[in-house]
Amino acid sequence: MSEQPTPSQPAETPAIATSNVPAPEVLQEETATSAGSNSWLTQLALVIALAAAIAMAWQWYHARHRFAVLEQELSQKLEQFNGVNQQALALARNADERSTEVSARASLFEQQLAESRDQAEALQSLYVELANNREERTIAEVEQLIIIANQQLQLAGNIKPALLALQTADTRLQHLDSGQVVQLRKSIGQDIQRLQNMPQVDTVGISLKLENLAESVGSLPLVSERHPQSAPALAPEWDSNPWRRLAQEVWQDLRTMIRLERIDRPEPPLLAPEQNFFLRENIKLHLLTARIALLQHDEATYRADLAAAEKWLKSHFDPRDSGTKLALNTLKELSAKEIVINLPDVNESLSLVSKYKLSLERLSTPVKSNTERK
């Protein structure tokens, strides 16, 4: 049987550890403490996060700035490199051009050197051949002198150089005394005599006169620039009558306003300033063409240009001026001179010296062949 509790003994209640259960006030304090601790930790975490963000932003900005600086330095380096590269390319081009030019010059020098060697060898062989025979050498020199005289006469029309060449050839032949030499000297003497009897054309003097005349054209006065010379003004004798005095004053004014001039030719041409310039230049051009025709011995062109210049001087320039008169007289004097002379030739002397040289070569050929056989 089970035992029933007695009233004197209280019923047993479950044992509850009252000491471990905190009171409500304690719980609130602990909750507030834990909440404050959590808030402080949150603020600390936010501060740390903000500091980390600021540090990352500063680091990003610093890295950005360094990257910009590096990019600028890199661009400057690239520009400098491009400049140096352009200079290097220019120097390379100049070096290539100079190398090409030097190569061309070197090849030209080599060619000229080869030509010089060939000419030296030819001259040496010619000298040896001429040294072997004094007569052949003399005849060869005389032939060259006669050829030079013929060229001066036929191509340039110069008598003095041709005469000097023929006289030199005659002097070279004085040391020879064969029959052919006598005949050759006779022909050369006749040529010298004909040239000495020819009239001389002073080409240099005529050219200088034409040049001086062309320079003086710019200062010659035109007909349109000539002004009449006014008579010296006389003191008028005024009448005491006022009407007569008025008439005298009117007449005096009319005399000063109107000038009468007598000219030898009707209607002198009036030219504008630019036309005056071209007129003078055209006259100078005619005189220059006359100088060229003089040097070319073109008598038709020479006389035509002088006639055109003289016509324009008479038409447009003042004939009373001393400079114009001198220019016209010079043109007349130059037009009267002969600039073309029928010059003789020296073909006969040239033919004789060629035959003489050919005969000497024929005589020397057997001697040379015999020498080579020996």
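Analyst: **The pairing of helices α8 and α9**

The crossing of α8 and α9 is left-handed, a term used when the near helix is turned anticlockwise from the far one by less than a right angle. The model is predicted, with local features needing pLDDT of at least 70 and side-chain atom pairs pLDDT 80 or more, whereas totals for chains, interfaces and linings use all residues. Residues are numbered from 1 along each chain as its sequence is written, and side-chain values use heavy atoms, without hydrogens or water.

Helix α8 spans residues 299-316 and helix α9 residues 322-335; helices here are DSSP runs (H or I) of at least four residues and strands (E) of at least two, numbered from the N terminus. Their axes come within 10 Å and cross at roughly 160°, where an axis is a line fitted to C-alpha atoms over the stretch in contact and angles between N-to-C directions run from 0 to 180 degrees. The two helices are therefore roughly antiparallel, the class for angles over 145 degrees.

From α8, the residues Tyr-302, Arg-303, Leu-306, Ala-309, Glu-310, Leu-313 and Lys-314 take part in the contact. They meet Ala-327, Leu-328, Leu-331, Lys-332, Leu-334 and Ser-335 of α9, contact meaning heavy atoms within 4.5 Å. Sorted by class, this set holds eight nonpolar, one polar and four charged residues. Ala, Val, Leu, Ile, Met, Phe, Trp, Tyr, Cys and Pro count as nonpolar, Asp, Glu, Lys and Arg as charged, and the others, Gly among them, as polar.

Helix α3 (residues 159-172) packs with helix α4 (residues 179-197) at about 155°, their axes being 10 Å apart. That angle makes α3 roughly antiparallel to α4, and the crossing of α3 and α4 is left-handed. Among the α3 residues in this contact are Ile-159, Ala-162 and Leu-166, while the α4 residues include Ile-188, Ile-192 and Leu-195. The contact of α3 with α4 divides into eight nonpolar, two polar and three charged residues.

The setting of these pairs is a protein of ten helices and zero strands. Of its 374 residues, 20% are buried, that is, under 20% relative accessible area with a 1.4 Å probe, counting protein chains only. Among contacts between residues at least 6 apart in sequence, 77% join residues at least 24 apart.

Methods
Parallel < 35°, antiparallel > 145°, perpendicular 65-115°, else oblique. Buried < 20%, exposed > 50% of the residue type's maximum accessible area, 1.4 Å probe, protein only.
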